[in-house]
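The following note is intended for a colleague who is new to this structure. Please read the points with the model at hand.

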Amino acid sequence: MPESLSGIGLGGAKGRYVSLCALYLFIYYGFGAFAPLITQYYESIHLTGTQIGLISAVAPIVSIVAQPMWGMICDRYQIRKTVLILTLIITGLVGLFFTGVSTFVYVFLLYILLSFFQSAVVPISDSLALGYAKGHGMQFGDIRLWGAIGFALAAFITGILVEQWGPHALFYSFCLAFLIAILFLRKVPEEVTEASRFRVSMLAGIRDLARIPRFALFLISSFCMMGSVNANNIWFSLFYQDIGGTIAGIGLAFLLFAGSEAPFMKLAGYIVRRWGLELTLLLSAIFCAMRWFWYSSAPSTTAVIAMFFVQGISVGFYLATAAQFVRENTPASLQVTALAIFFSVGGGLGAMFCNLVAGWIKDSFSILAIYLFFGIITAIGIIPLLMIKFGRWKQISPDEEVQASQ
């Protein structure tokens, strides 16, 4: 019998690499089954717009607290794979409980629980992938692109399942994808260096990270950039319908948008090697701001679909390089903590702020004005990136930088 593609039957470096790529494929397949289609479930149980808005704000708020906590646990006890297995199992099973509830209170409480455990998945998996990529002379984007492929496939396939069997199909897909991911995680190596074995407290870790100017500036930029990108996932469907699109068109758009990220993540590796991380991140932010400003001008649905690759340039480049920037500019003893804080600030505080402001703008102005706001805040996020690239803070060893500030 031929060796299994899962990597369970593959040995050596090839098996570990295949398993790591498959881990990303199925983790993000789960995300792709859940995020784009969850509003279909909300509508099926007749939640109001205000209730949906409150639920959408839960994940960012929970991640602000939970992600640094998960990062501290992993850095202190060096149990990243154990924690990731635990959180994948619990997150998937909690997802199944949504099929048995139909009231706002229970959905709200379940979403808090789901968000608490799910908040550990991305920073820990990124930490494992970054360690592997660094140890084997690879670009992180070459691994991360499989997440984009998984998300795109899930948005399309689960959309068909939901259409055939109803919204509950998304929760079964979500849970199954996470459980399959665990099978591949068993073969993923945990690259642990001697420097990463230091014992740290969360408060001490945050204090040391705050003393690194390049990291602090990058957090400000991620607040703006990731905040608008994450908020777009919620508001895009309303925007697309506002400019004349259909619900079916929304599914096609998500498929093309997410699918475009994979090839640009691959291309990001070449651009990083040629021009560096900072310029790649700048290019990503500039295209992202231009995209939001363009959306605010009410383009045709045909134009939005035709320009699907702009998401690949903006989001694909950013996802392929942001975590790598965090790793290369923070001490080895605080790698997971730094990634957790990065995701908490961008995907947490940033998304929460952008969603709250967007909700007020929708009620006071229009959907198009929301994208004008997204363009402005993303443009503000370009300023810290310019300071990182052209300012007085040269890249030195982050461990030396922390020692110099003490």
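1. In this predicted model, the charged end of Arg291 is placed over the ring of Phe257, 5.1 Å from its centre.

2. The structure contains 39 aromatic pairs. One of them joins Trp70 and Phe116: the ring centres are 5.4 Å apart and the planes stand at 50°, so the pair is tilted. Trp70 belongs to helix α3 (residues 49-77) and Phe116 to helix α5 (residues 104-118), so the pair ties together parts that are 46 residues apart in sequence. Trp70 counts as buried, at 6% relative accessibility, whereas Phe116, at 28%, counts as partly exposed.

3. Phe236 and Phe239 form a tilted aromatic pair, with 5.9 Å from centre to centre and 50° between the planes. Both residues lie in helix α10 (residues 213-242), three residues apart, about one turn of the helix. Phe236 and Phe239 are both buried.

4. Helix α14 (residues 309-328) has 20 residues and spans 28 Å from its first C-alpha to its last, close to the 28 Å expected. Of its 20 residues, 17 are buried, so α14 is largely enclosed by the rest of the structure.

5. The chain as a whole has 17 helices and zero strands. Of its 406 residues, 57% count as buried. Its accessible surface comes to about 16,900 Å², with 68% belonging to carbon and sulfur atoms. Among contacts between residues at least 6 apart in sequence, 86% join residues at least 24 apart.

Key
Residues numbered from 1 in each chain as written. Predicted model: local features only at pLDDT ≥ 70, side-chain atom pairs only at ≥ 80, totals over all residues. Heavy atoms only, no water. Helix = DSSP H or I, 4+ residues; strand = E, 2+ residues; numbered from the N terminus. Expected span 1.5 Å × (residues − 1). Buried < 20%, exposed > 50% of the residue type's maximum accessible area, 1.4 Å probe, protein only. Contact = heavy atoms within 4.5 Å. Areas by Shrake-Rupley, 256 points an atom, 1.4 Å probe, with all protein chains shown as cover. Phe/Tyr/Trp six-rings, centres within 6.5 Å; stacked < 30°, edge-to-face > 60°. Lys NZ or Arg CZ within 6 Å of the ring centre and 35° of its normal.
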